[in-house]
Amino acid sequence: MSNEDMSEENLPSEREHAHHGAVEPVGDPFADPGLPPHEPRRQDIDERTARRSERTVALLFTLSMIATVGFIASYVIFPIDKIVYIFPFGHVSALNFALGLTLGVALFAIGAGAVHWARTLMSDEEVPDDRHAIEASPEVREQVFADFRQGVKESQYGRRKLIRTTMMGALSLVPLSGVVLLRDLGPLPEKKLRTTAWRKGMKLINQNTDQPLRPEDIGVGSLTFAKPEGLSDDAENFQTVIAKAALMIVRLNPEDIKDKRELDWSHQGIVAYSKICTHVGCPISLYEQQTHHVLCPCHQSTFDLSDGGRVIFGPAGHALPQLRISVNAQGYLEALGDFEEPVGPSFWERG
Amino acid sequence: MSTASHEATDATARRGKAPAGERLADWADGRLGIYGLAKANMRKIFPDHWSFMLGEVSLYSFVIIILTGVYLTLFFHPSMQEVVYNGPYVPLQGIRMSEAFESTMHISFEVRGGLLIRQIHHWAALVFVAAMLVHMMRVFFTGAFRKPREVNWVFGFLLLVLGMFTGFTGYSLPDDLLSGTGVRFMEGAILSVPIVGTYLQMFLFGGEFPGHDFVSRFYTIHILLLPGIMAALLVGHLILVFYHKHTQWAGPGRTNKNVVGMPLLPVYMAKAGGFFFLVFGVIAACAAIATINPIWAFGPYRPDQVSTGAQPDWYMGFSEGLIRVMPGWEINLWGHTLQLGVFIPLIIFPLVLVTIAVWPFIEAWVTGDDREHHILDRPRNRPVRTGFGAAWISWYLILLVGGGNDLWATHFHLSINAITWTVRIGFFAIPALTFVITKRICLGLQRRDRDKVLHGRETGIIKRLPHGEFIEVHEPLPQDQMHTLTAHDQPEPLELGPDVDENGVRRKVDRKTKLRAKLSRSMYGEGAQIPKPTAAEHAEITSGHGHH
């Protein structure tokens, strides 16, 4: 294709009939000039360039084969527990690293080869194709409606009111069986969310040592987590019980306690609060000993343990429930009953 | 018919046996009628543009997720039975955990390649949702959702929402400390639902949280229910793409009545087929070098333990933002509690998604346009739509910031209270601001297009005139560019007409029509689009007056 040919094709007069395009009024400077002529790539006119592309594609496909062999070899060679240092990734599993990269290369090279093949060797001539309206022609539409009316008429659906009514009734009732079957997905809520495992006289067990807590175990500024006496870590329902019963214990100076009821429910400045956030139930774990604030790490609700567990920041809606504690005859901390109010997130029946 | 096929058989008989491939195809055609399908589709034309591959990324990552997911089911035990860990990972030896967690540890540390497949599965899930969202934005900003593609927009939207929940149920399965915290958050959110909240919670978890059921229930939802629905939607989505034929950009020779591009066989077979391998290869390499969801570092879930900096997978981040920045409003009345601090975010969560999903229908109603649209809009030519889309993105992003408020605070040494308050205000202010700014940028770009068409392209050549003035020489645009820049429609705003009719009687205009006219004015009225150059303007400027 010589340059002269190209320029000839570019002339508007040539384009008029040679290419597709909307017909616009003559003289419109914005008229659609139609599809531009196809410009050949080097591969289209130079066989040597095309051969080079062919070799590149073949090289990529070969690389993929090698990588697959490498994948199988890695699977066999590397022990699963071998950790190696690879810059800049640090200490990584040799097996995972080798399998992932060989698989990645095996796949990527196939893709790269196919795309290179498509871009350099397959025809890149753009061709137009007609679109057809999605909606049907008026005749077809008429036909469909007529057929439908005919079908309905033949069924006598409109005339036989009794059949229609009872069928509707049957069809709307039958899914109820399915709904009823869902009833046993779980128990009814009843008062389950109102109570925890804490009872009067239950000792407070340190979760770290599994030993009952004495007041002298708890220093000012420390945060201790406790569970109810008799709750073993391997109990069947441990998770469900601890999800409500988890307790946070801190010792404050009694004169720092601003809330009178809190002081009454404490023992020598030792206060026990529910660990379960009243927002959506995360365990509150961060204690700031200078301010006596606890912070829930999930959504940053902040409670003041020296002021009745009041919310001072964040999305929680009400104060942390406090557990009333005392010391029994043997000198161990014990609960004086269950929490007075439900622990954890609010719910409709909470009140 | 039968004579025709007889003749065909005779013809093959005369020529000798056809090649095996042809005979197989004939066999299949005789039973499935595949030649009809192939005739319509084998050389189907697809237009080319980089943005059209975003949907492909979603499709391919979905396929990767299915492939790796099937592998994972061979080893995973969806059970909350408690066991004591005795595997090779020393730090967790002797620790109590659910079988779900233990089997995930087994996949990660004892099955060769198990960790790789787990990480490919998780990476592909992140890419899947991200690609769907970006693909949806492409469709939104170019107006590709317009008639006849509204149904496909809805299919795509449902795929996005289902993809998010499939992801959520999936990353909850290992029953690790991080995902368990996410499940607890969901439980708290369900409890906040008025009247039925506690019932929903009990029925979903089979009792009080966490119980022994949610892993096996989530498992069924994650591997069967949601993917099944998604596979059906996906097939529908693709059938519609083929049936409608792909949209294309305006350009010379491209009209609303044709589609210009290259044929499926061979070009797109190779390009799209190859692209699957590219996506898979990149995700496999990610899984090789970047650890994702290291459950061994989190440990098994216990409802009384938590780690700091807990974050959901990114696509759930905006819901996390909603729950974090909402003030803790709680109403106690007549013995009942309404926890608005959680319930309002729970309501806004779907609304954020629905807001963008309903736009095509609002736009269609306001515009009252019943034509088919196959030519894409340039975002600048629809400033209100583009502004709305950008505002939505900014809304989404500000919520993502809120979802990571603790990370922002620790990484940039900022006050968490200040960040939370910024997000609270930004929730309302930033989308409005983004809308205004984006709309202005669009209008500016429209003005530039107009100038380019009327005055030509700046050549960078400075010319000195005889009287000393310097001007820059402008070169007229070639016709194909002028056509491309002026090919878009500029709808007229809806007019209500005079208040009184010809008899002097007040016309009744209902409120809906008034609203429609108002919205129409804001979308297409004065100040919402720059009139595109007309042939007359062009003629006047280019005829004889010389330079400009």
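Colleague: How many residue pairs are in polar contact between chain A and chain B?
Modeller: There are 37, with both residues at pLDDT 80 or more. A polar contact is a pair of N or O atoms within 3.5 Å, one able to donate a hydrogen and the other to accept it; residues adjacent in sequence count only if both atoms are side-chain atoms. This is a predicted model, where local features need pLDDT of at least 70 and side-chain atom pairs 80 or more, while totals for chains, interfaces and linings use all residues. Residues are numbered from 1 along each chain, chains are lettered from A and ligands numbered from 1 as written, and side-chain values use heavy atoms, without hydrogens and water.

Colleague: What makes Glu135(A) and Lys147(B) a salt bridge?
Modeller: Their closest N and O atoms are 3.5 Å apart, and the rule asks for a Lys or Arg side-chain nitrogen within 4 Å of an Asp or Glu carboxyl oxygen, so the pair qualifies. Four salt bridges are found across this interface.

Colleague: How much area is buried between the two chains?
Modeller: About 8600 Å², with carbon and sulfur atoms giving 62%. That is the accessible area (1.4 Å probe) lost on putting the two parts together, summed over both. In chain A, Phe30(A), Arg131(A) and Trp348(A) lose the most, together 12% of what that side buries. The contact (heavy atoms within 4.5 Å) takes 93 residues from chain A and 114 from chain B.

Colleague: Why is Val358(B) called partly exposed?
Modeller: Its relative accessibility is 33%. Buried means under 20% and exposed over 50% (1.4 Å probe, protein chains only), so a value in between is partly exposed.
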